[in-house]
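The sequence and structure are shown first.

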Amino acid sequence: MSARPVVPREQANRDVEAAIDYYVGEAGPDVALAFIDALQDAYRAIGEHPGTGSPRYAHELNLPGLRTRKLVRYPFLAFYLERPDHIDLWRVLHMQRDIPAWLQDAED
């Protein structure tokens, strides 16, 4: 099966922009670029093997099918749902956040 495109929701795009802004301001552009590379690697892996993500928050939030993938070397999780023709990327959240509260925003 070929990889499905990862389609970020507007809120996921805002999450990524905020993370990039943070890394540029706190650690410099090289760290921000490495974050973008890690994010692209995660998107590629999700598109190719969506079923390998963790279903932990699906159970906690009663959202069947919700999965997460951790970014390599960065404390962020990508939250997504597998669709027949694409991957619906809900959020990209720092692991220290109150994730159930932040994901409730995505449902609205």
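Two strands are taken to pair if DSSP finds at least two bridges between them. The model discussed here is predicted.

**Sheet and helices**

Four strands form an open sheet in the order S1-S4-S3-S2, with mixed pairing. On average, and with direction ignored, neighbouring strands are turned by 35° against each other. The pairing of S1 with S4 is parallel and comprises three bridges; Val-6 has Ile-87 in S4 as its bridge partner.

Helix H1 packs on this sheet, where it touches S1, S3 and S4, and its direction makes about 35° with that of S4. Helix H2 lies across S1, S2, S3 and S4 and runs at about 145° to S4.

**Nonpolar cores**

The largest nonpolar core has 21 residues, of which Phe-35, Tyr-43, Leu-71, Tyr-74, Phe-76, Leu-89 and Val-92 touch the most other members. At least two residues of this core come from each of helix H1 (10–26), helix H2 (29–48), strand S3 (76–82) and strand S4 (87–94). The most is given by H2, which supplies eight residues. Another core, of twelve residues, lies apart from the largest one and includes Leu-63, Trp-90, Ile-99 and Leu-103.

When neighbours within four places in sequence are left aside, the contacts of Phe-76 include Ala-19 and Tyr-23, as well as Phe-35, Leu-71 and Val-92.

**Aromatic pairs**

The structure holds seven aromatic pairs. Two of them are set out below.

| Pair | Centre to centre | Angle between planes | Arrangement |
|---|---|---|---|
| Tyr-23 and Tyr-74 | 5.2 Å | 80° | edge-to-face |
| Phe-35 and Phe-76 | 5.2 Å | 65° | edge-to-face |

The pair of Tyr-23 and Tyr-74 links distant parts of the chain: Tyr-23 belongs to helix H1, and Tyr-74, 51 residues away, to the loop between strand S2 (67–70) and S3. Tyr-23 has a relative accessibility of 10% and Tyr-74 a relative accessible area of 8%; both residues count as buried because the cut-off is under 20%.

Ring pairs join Tyr-22, Tyr-23, Phe-35, Tyr-74 and Phe-76 into a cluster.

Note on methods:
Residues numbered from 1 in each chain as written. Predicted model: local features only at pLDDT ≥ 70, side-chain atom pairs only at ≥ 80, totals over all residues. Heavy atoms only, no water. Core = buried A, V, L, I, M, F, W, Y, C linked by side-chain atoms within 4.5 Å. Buried < 20%, exposed > 50% of the residue type's maximum accessible area, 1.4 Å probe, protein only. Contact = heavy atoms within 4.5 Å. Phe/Tyr/Trp six-rings, centres within 6.5 Å; stacked < 30°, edge-to-face > 60°. Axes fitted to C-alpha atoms, helices over the stretch in contact; angles between N-to-C directions.
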